[in-house]
Amino acid sequence: MTRKRQDPVDVVIIGAGCGGAAFAWQLKRRAPHLKIVCLERGGWPDPLRMPAKTMRWQRAIMEDWASNPNLRIKAGGYRGSNDYHIDEDASVFKPLMWNGVGGSTVAWAAHFPRLHPSDFRVRSLDGVADDWPFDYFDLEPWYDLNDEIMGVSGLDGDPAYPPKRRRAMPPLAFGAVANRAARAFSDLGWHWWPVDAAINSVRHDGRDACNHCGPCLTGCISKAKASVDLTYWPKSIALGVELRTIAIARNIEIEAGRASGVTYADRNDEEHFLPAQAVVVAGNGIGTARLLLASGVESPALGRNLMFHPAAYIRGIFKERLDGPVGPVGASIYSHEFYETDRSRGFERGVHLQLSRENALLVQASRLSPLWGEAPQAQLREEFLHTMPILVLAEDLPEAHNRVSLTNTEERDGLPGVKLDYRISERAQKSLDFGLARAEEILKAAGACRTVRVSPAPLTGWHLLGTARMGSDPQTSVTDRYGRCHAVPNILIADGSLFPTVGAANPASTIGAVALQLADHFAGEIA
Amino acid sequence: MTPMQVRQLADLLLPGDEAGLPPGSRVPDVMLALTESTAPIIAQIGRHPDFAAPEKRQAVLNEMERSHGQEFRDLVLSLIKPYYESGPVLEAMGWRSAPPQPTGHVIAPMADDLTQALAEIAARKRIWR
Ligand SMILES: Cc1cc2nc3c(=O)[nH]c(=O)nc-3n(C[C@H](O)[C@H](O)[C@H](O)COP(=O)(O)OP(=O)(O)OC[C@H]3O[C@@H](n4cnc5c(N)ncnc54)[C@H](O)[C@@H]3O)c2cc1C
Ligand code: SF4
């Protein structure tokens, strides 16, 4: 295939998701003279295609709006999320993502916690894995800036965190489920707090307030849920960043140990070579490792140490009617009562407990066993509108055998195929079991007549982290503390792959903050 | 499969209940999905000699489920989808038939008694390290 050579630019960013968007905005702000182009494999999210106004809103999450790219491909997909197949058979957790402008924040639940200060110092405090190359307080200004751009609902005064700046909006409405669960936590004397959510509880920044419609994971038609296509991208484009959509980066060209630019395919599958002084990769924990491996970047830790946050659910079934499938799915209350290490539990590190909301009727029906006949319909009668689910997230620690690697096949997008190998460690399983037992206590205290566990919960691979971790040793890390690859210093990484460890809380707030911090440093360097 | 057999199959898979959940054959989109389906397993069920006998039909489906696991599951899922999407079914289950948007839903605000509970939590010593 012949490649068209394009005019050189200063910086190419690959991936317009959570990390790439924040990086692009901050870099352009700090260094307005730079010519910055972002290549994004997918298109813009199209509200007209979001299913929440249609009768097929329930099935969409199982088909064309599934969170798992393989399911979307099976359902026919569309290039809003320009997906690639992932060989996931050898992974307990199936990877979830969105491959279009906004990245996985298009499909996310927008639960927006920070990591704890201790999460940056796990070696010093608990003797496991590695410390981050900077700490919570170094990152704090970037957390604050990211909060400002994303727009956060929440409540000040949470003793699980150092004091934070006043949240821009009050907490989201609780619903009957969270009111009941909160009382149960309090009865047990355990911490709970309204979540920080990147969802508007009131009209904010030109976007409407959440109207509690429910199916956040299939896109938010009202735009109440922040996603970086709505927050960072309009600002970056106004500053002059160029965003090219349906542009698949196939190779980072490397000459004499330095990147010279990126070869990418456009919407007509024509190849272009875009020369650049520096390349920033933000394709997420799978896409970044895949592209760097395909480009021949040699780094022993590249693709290794994949971390997800092992996850399990426990559902309480109540006699009383609760809310049903309404309200922002991941954003009501949470507890960090058991987040910090307590060695008497038999494992290091802790768990994040998050109240969730009920699944749509069809989703529940499709997960029953048996699937047909009278029994499942009777079970649905008992459970639908009577369920309170609690999500338990445990902390993964880096393990080299949990990894992203290339296959011998070439995929439709012109890149090598990609495969995941992941198993849950004994320590993580212990923490999941511990978390489930605590969640069961809450459900019982809240009045559940019975509980049902899903452990591990396979379709929870939301957090794709650690496959190009930061550190100082090129043998065990891929980048330095500024995101520069040890092997090719003018390739930077700016996404979830960078995490040396992951805490037990959802990562996007930290991904955005880290990307802002790295862009700020890089602006000083490249200027 | 004859139209009668199609109805019988729909009702075995999705029998409904006395509290108002309709049987599969009463949901037009389920019948459409069944009649338009090209899944070979449907004809196989219809041809099964025991399917003619009402008391043996359930056993035929059990057997098919055992011998054609994935195909059978796909068939059931292809019917469950239009069934639980239909307005009368949603309403019989106590839910509304209108989709989530544009109206959204009203949910309860944080209950007043929880303000005190939060104040007590906020007064705890810090729980971060
Ligand atoms: C269903 C779901 C729910 C979630 N809920 C939450 C939550 O409540 N809270 C939370 O903190 N996190 C949540 N997450 C996770 C969060 O969205 C991700 O951690 C975050 O978006 C990852 O940021 P990233 O920059 O690493 O990658 P992404 O945001 O995934 O962006 C990567 C981008 O790179 C693009 N790309 C990849 N390869 C190429 C290539 N070769 N060429 C061009 N472009 C490329 C992709 O198309 C994509 O747009 C959720 C995720 C999902 C899927
Ligand atoms: S529940 Fe709120 S945030 Fe979620 S999709 Fe609906 S309006 Fe958007």
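Predicted model: local features only at pLDDT ≥ 70, side-chain atom pairs only at ≥ 80, totals over all residues.
Q: Which residues does the cis bond with omega of about -10° join, and where is the proline?
A: That cis bond joins Ser455(A) and Pro456(A). Pro456(A) belongs to the loop between strand E16 (450-454) and strand E17 (491-493) of chain A.

Q: What makes the phi of Lys223(A) worth a note?
A: Most residues other than glycine have a negative phi. Lys223(A) is not a glycine, yet its phi is positive, about 65°. Lys223(A) is in the loop between strand E5 (193-194) and helix H7 (232-239) of chain A.

Q: Why is the pair Arg129(B) and Asp126(A) called a salt bridge?
A: The rule asks for a side-chain nitrogen of Lys or Arg within 4 Å of a carboxyl oxygen of Asp or Glu. The N to O distance between the side chains of Arg129(B) and Asp126(A) is 2.9 Å, so the pair counts as a salt bridge. Across the interface of chain B and chain A, the rule finds 7 salt bridges.

Q: What else describes the interface, and which elements of chain B supply it?
A: Between chain B and chain A, 28 residue pairs are in polar contact, both residues at pLDDT 80 or more. On the side of chain B that touches chain A, two or more residues each come from helix H1 (3-13), helix H4 (54-67), helix H5 (69-85), helix H6 (87-92) and helix H7 (113-122) of chain B. H5(B) gives the most, with 10 residues. By class, this side of chain B has 33 nonpolar, 11 polar and 10 charged residues. The two chains bury about 5000 Å² between them, 63% of it on carbon and sulfur atoms.

Q: How do you know that Asn99(A) is in polar contact with ligand 1?
A: The limit for a pair of N or O atoms is 3.5 Å. A polar side-chain atom of Asn99(A) is 3.4 Å from an oxygen atom of ligand 1, so the pair falls within the limit. A backbone N or O atom of Gly19(A) lies 2.8 Å from an oxygen atom of the ligand, and a polar backbone atom of His111(A) lies 2.7 Å from a nitrogen atom of ligand 1.

Q: How much of ligand 1 does the protein cover?
A: The protein covers 98% of the 1000 Å² of accessible area that ligand 1 has on its own.

Methods
Residues numbered from 1 in each chain as written. Chains lettered and ligands numbered in written order. Heavy atoms only, no water. Buried area = accessible area lost by both parts, 1.4 Å probe. Polar contact = N/O pair within 3.5 Å; in protein donor to acceptor, adjacent residues only side chain to side chain. Helix = DSSP H or I, 4+ residues; strand = E, 2+ residues; numbered from the N terminus. Nonpolar A, V, L, I, M, F, W, Y, C, P; charged D, E, K, R; others polar. Areas by Shrake-Rupley, 256 points an atom, 1.4 Å probe, with all protein chains shown as cover.
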